[in-house]
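Here are my notes for anyone opening this structure for the first time. Keep the viewer open beside you and go through the points in order.

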Amino acid sequence: MTTVLAVDVGGTKTAIARVDAQGRLSHHRTLPSARTLDETVTAIASTSGDVAAVGVIVPGIYTPDTGYAWCPNLWGTGEVPLREALLGALRTKVVIDSDRSGYVLGETWLGVARGLRHVVFVSIGTGIGVGILADGALLRGARGIAGAAGWFALDAEWKDVYRTTGCWEAEAAGPAVARAAGATDAQPVVTAARSGDGSACQILDRATRYTGMGVANLVSAFNPEMVVLGGGLIEGAGDVMLDRIRAEVTRWAQPIASAHCRIELSALGGRAGLFGAARLALDTCRGGAI
């Protein structure tokens with residue numbers, strides 16, 4: 001049975017596990033994400049062991065042509081030679097991609113979108129990113145930037161904050177919800193909204209309307225079979241937001257595309273990326289590429 005090492009490098013935590021071809025996890029552990037490339041590579045190398053391949057996903061932009069990654073929340077504002085560093089430390093096959101690609105692969109392998117070939121995964125947490133599977137193939141773009149949907153322009157009035165985060169992310173990601181309430185994170189706002197607090201309900205409703213518009217644009221542009229919603233904010237408030245997002249998509253999206261697209265919450269939650277990283281590695285072992 002082929003076993004690979006899956007690594008989901010997050011902005012705050014890194015999840016590592018061995019995964020076999022049936023999706024069974026072993027030696028699963030989570031550790032704080034390192035703040036230098038060398039420390040990250042050392043942590044991965046120390047747990048690799050005897051595996052057929054290593055799949056790594058990162059929260060930013062990975063450019064396959066160069067092997068460089070841009071992950072400003074981890075390793076500074078410059079690009080870093082991630083592929084070269086990993087190949088120098090690991091004596092096995094290595095495949096790298098963005099976390100958003102990992103999310104959509106995980107859900108189409110073992111999650112709510114299992115077996116589908118046209119799927120969009122929308123991750124809404126600290127930021128907003130989108131993984132796109134089109135006819136069974138990952139859509140990455142010319143420099144690995146496809147899916148940076150946090151920059152969707154959803155408001156005609158420009159704000160300076162859009163320059164660094166993009167409009168959708170600035171208005172609807174977790175920090176936006178927290179900022180609107182003067183809170184340190186979004187969870188207290190979600191909790192208050194569940195209890196009927198009027199101000200909290202308005203804040204969450206506003207973020208939900210922006211997200212509905214963003215998802216509608218994705219449905220119109222890519223005509224997916226399913227949009228999967230995940231990420232930290234959705235894990236905490238998805239059941240509250242889902243019906244309203246569906247209604248906004250019906251209102252804004254191309255009507256035929258909307259009518260034939262399901263919008264669902266992630267079935268894998270925080271493990272979607274880990275399974276996606278494993279899927280990348282397993283496909284590399286088989287000599288294929290997604």
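Leaving aside neighbours within four places in sequence, which residues is Thr211 in contact with? The first point has the reply, after a word on the model.

This is a predicted model, so local features need pLDDT of at least 70 and side-chain atom pairs count only at pLDDT 80 or more, while totals for chains, interfaces and linings use all residues. Residues are numbered from 1 along each chain as its sequence is written, and side-chain values use heavy atoms, with hydrogens and water left out.

1. Start with Thr211, which sits in helix H9 (residues 198-222). Helices (H or I, at least four residues) and strands (E, at least two) are DSSP runs, numbered from the N terminus. Setting aside neighbours within four places in sequence, Thr211 is in contact with Ile124, Trp168, Ala172 and Ile245; contact here means heavy atoms within 4.5 Å. Thr211 is buried, with a relative accessible area of 0%. For that label, buried means under 20% relative accessible area, exposed over 50%, and partly exposed in between, using a 1.4 Å probe and protein chains only.

2. Next, have a look at helix H4 (residues 99-110) and helix H12 (residues 272-285), whose axes come within 7 Å and cross at roughly 85°. Axes are lines fitted to C-alpha atoms, for helices over the stretch in contact, and angles run from 0 to 180 degrees between N-to-C directions. H4 and H12 are therefore roughly perpendicular to each other. The naming goes like this: under 35 degrees is roughly parallel, over 145 roughly antiparallel, 65 to 115 roughly perpendicular, and the rest oblique.

3. Who meets whom at that crossing? From H4 come Gly102, Tyr103, Leu105, Gly106, Glu107, Trp109 and Leu110, and they meet Ala272, Gly273, Phe275, Gly276, Ala278, Arg279, Leu280 and Leu282 in H12. The residues of this contact divide into 9 nonpolar, 4 polar and 2 charged. In that count, Ala, Val, Leu, Ile, Met, Phe, Trp, Tyr, Cys and Pro are nonpolar, Asp, Glu, Lys and Arg are charged, and the others, Gly among them, are polar.

4. Is H12 largely enclosed or largely open? With 12 of its 14 residues buried, H12 is largely enclosed by the rest of the structure. The buried residues of H12 include Leu274, Ala277, Ala281 and Asp283. The length of H12 checks out too: at 1.5 Å a residue its 14 residues should span 20 Å, and its end C-alpha atoms are 20 Å apart, which agrees. That expected span is 1.5 Å times one less than the number of residues. After H12 comes Gly287, with a positive phi near 80°.

5. Ser101 also belongs to H4. Ser101 is buried, with a relative accessible area of 5%, and, not counting residues up to four places away in sequence, it touches Gly131 and Leu138.

6. Now for a loop residue: Glu225 lies between H9 and strand E11 (226-230). Glu225 is partly exposed, at a relative accessible area of 31%. Not counting residues up to four places away in sequence, Glu225 touches Leu116, Arg117, His118, His260, Cys261 and Arg262. One thing to zoom in on is the side chain of Glu225, which reaches the backbone nitrogen of Arg117 at 3.0 Å.

7. Asn223, in the loop between H9 and E11, has a positive phi of about 50° although it is not a glycine. Asp135, in the loop between strand E9 (128-134) and strand E10 (137-138), has a positive phi near 55° and is likewise a residue other than glycine. Asn223 counts as partly exposed at 49% relative accessibility, and Asp135 is partly exposed with a relative accessible area of 47%.

8. Finally, Cys167 lies in helix H6 (residues 167-172) and counts as buried at 4% relative accessibility. Not counting residues up to four places away in sequence, Cys167 touches Gly150, Trp151, Phe152, Ala153, Leu154, Asp155, Tyr162 and Tyr210. Ala149 is 18 residues from Cys167 in sequence and 9.2 Å away in space, C-alpha to C-alpha.

How values were computed: A polar contact is a pair of N or O atoms within 3.5 Å; within protein, one must be able to donate a hydrogen and the other to accept it, and residues adjacent in sequence count only if both atoms are side-chain atoms.
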